[in-house]
Amino acid sequence: MDKGSLQDDHERAMKDEQRFHRLGWKRLTIVLIVQSIALGSLSLPAAFETLGMVAGVILTLGLGVIAIYASYIIGLVKLKYSHLPHIVDFGRLLLGSIGDKVLAVAFVALLTMTVGSHCLTGKLALATISGSSMCGLVFSMVSAVILFVFAVPPTFADISILGYIDFVSIIVAIGIVMTATGLQHSHDTTVASAAWSAWPKEQLTFSEAFVAISNIAFAYAFAGAQPTFMDEMHTPRDFTKSITTLALTQMTIYTVTGGVIYAFVGQGVQSPALLSASPLIAKIAFGVALPVIYISGAINATIAARFMHGRIFQGSTVRFINTPMGWVTWLVIVACINVIGWIVAEAIPFFSELLSICGCLLVSGFSFYLPPLMWFFLLKEGAWFDQHNLRTAVLNLIVFVVGVTILGCGMYASVTEVIAAFQTGSINRPFSCGT
């Protein structure tokens with residue numbers, strides 16, 4: 001090969017690399033918001049009902065601060081090991097090839113199941129909007145196809161454009177529910193009997209309390225995807241601007257959503273809170289929320305596909321997804337993730353409970369107890385008890401304890417819920433037409 005051809009190949013490779021490094025901190029903020037703030041925020045009013053207004057607000061703000069600090073630690077690790085594109089690669093630094101394999105399975109499994117949960121949410125939304133008696137499987141299949149279409153763009157810079165629509169969608173949907181429940185509250189003469197409470201509900205069981213706490217904790221589940229996003233930044237050190245903006249946005253939306261809707265609806269608030277409004281308002285709110293259901297769901301498929309495609313074609317130009325071979329393999333992987341997510345969600349009759357168990361098992365690691373371990377083993381310089389390390393070591397120990405508590409107690413509560421669901425016969429049949 002002559003020198004001119006080598007130079008052309010080098011320039012083409014550089015151009016391909018630049019295509020995947022166009023993400024600035026503002027677009028990163030939008031991508032993080034899209035990935036983390038979805039309809040899960042509308043499960044918080046029900047958590048507030050269980051825990052009471054005081055504990056609900058304290059836990060929402062407290063877990064938010066902890067999650068953002070853990071995110072900061074992950075960002076520092078990514079800066080130190082900038083050549084590693086995914087959080088799975090950090091597992092190799094911690095535990096060698098075993099850590100890499102375990103985190104790879106956990107990472108892809110969690111993202112795929114999240115895609116499946118968005119298929120089910122899309123099914124509920126389409127059934128509510130249409131008011132049709134059509135089999136729910138049709139709506140979930142339509143949702144899977146829409147999720148696939150939105151997951152096709154291979155770069156997060158491209159997806160971030162959709163993120164603005166996503167963000168407006170969830171804000172407007174929340175606003176509609178708040179306004180509607182507020183008006184309903186002001187005109188409902190029976191509302192006093194369903195008033196909200198500052199304290200936990202009566203006869204609250206441990207499992208009920210921790211399911212509510214887990215819902216709040218998992219609303220901050222975004223740290224696992226953060227290194228993947230940062231890998232596309234043109235100035236990775238700007239990540240602190242993104243997570244600071246994200247922290248303020250998340251904690252504000254979650255606290256206001258949980259507190260205000262619970263205050264208006266009182267006891268009996270449903271999850272998602274869209275269902276607490278009148279049937280007409282629920283249809284309107286779900287219609288407005290369709291972008292957030294599908295865009296937020298699709299970005300999870302894109303994250304998983306980026307990891308798998310990059311691993312399979314590591315060192316090959318196919319990974320740049322700018323050739324026929326690159327596009328074919330990319331589309332096949334994205335399609336497989338969506339199909340598997342749909343099958344798992346519809347085939348397992350207790351999928352919601354299973355997702356809760358996996359959330360306790362996996363989200364607690366990626367977002368809470370793994371980042372402190374990364375600080376102790378990958379970032380810390382010197383002994384942990386050295387004067388310059390002591391304060392940070394104690395802080396990371398606290399975050400670690402919180403993460404392990406969510407893991408252990410959340411697993412117990414989720415398994416208890418599964419057992420109760422089987423005992424009461426509330427488990428649906430696989431591939432059920434119900435929503």
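Predicted model: local features only at pLDDT ≥ 70, side-chain atom pairs only at ≥ 80, totals over all residues.
Local features were taken at pLDDT of at least 70 and side-chain atom pairs at pLDDT 80 or more, whereas totals for chains, interfaces and linings use all residues. Residues are numbered from 1 along each chain as its sequence is written, and side-chain values use heavy atoms, with hydrogens and water left out.

One disulfide was found, the criterion being a pair of cysteine sulfur atoms within 2.5 Å. The bond joins Cys135 and Cys433, whose sulfur atoms are 2.0 Å apart; with -90° about the S-S bond, the link is left-handed. Helices are DSSP runs of H or I with at least four residues, numbered from the N terminus. Relative accessible area was classed as buried (under 20%), exposed (over 50%) or partly exposed (in between), with a 1.4 Å probe and protein chains only. Both Cys135, at 22%, and Cys433, at 43%, are partly exposed.

Two further cysteines are too far from other cysteine sulfurs for a bond. The sulfur of Cys119 is 14 Å from the closest cysteine sulfur, that of Cys336, and Cys119 is buried at 0%. For Cys360, the closest cysteine sulfur is in Cys358, at 9.3 Å; Cys360 is likewise buried, at 0%.

Aromatic pairs number 11, counted for rings of Phe, Tyr and Trp (its six-membered ring) with centres within 6.5 Å; planes under 30 degrees apart are stacked, over 60 edge-to-face and the rest tilted. The ring centres of Tyr369 and Phe400 are 6.4 Å apart and their planes lie at 85°, so this pair is edge-to-face. It links helix α13, which holds Tyr369, to helix α14, which holds Phe400, across 31 residues. Tyr369 is buried at 18%, whereas Phe400 is partly exposed at 27%. Trp384 and Phe385 also pair edge-to-face, at 5.6 Å centre to centre and 85° between the planes. Phe385, in the loop between α13 (351-379) and α14, is exposed at 55%, while Trp384 is partly exposed at 43%. A single aromatic cluster is formed by Phe107, Phe307 and Phe366.

Helix α10 (residues 239-265) has 27 residues and should span 39 Å at 1.5 Å a residue, which agrees with the 38 Å between its end C-alpha atoms; the expected span is 1.5 Å times one less than the number of residues. Gly266, which follows α10, has a positive phi near 75°.

Key
Helix = DSSP H or I, 4+ residues; strand = E, 2+ residues; numbered from the N terminus.
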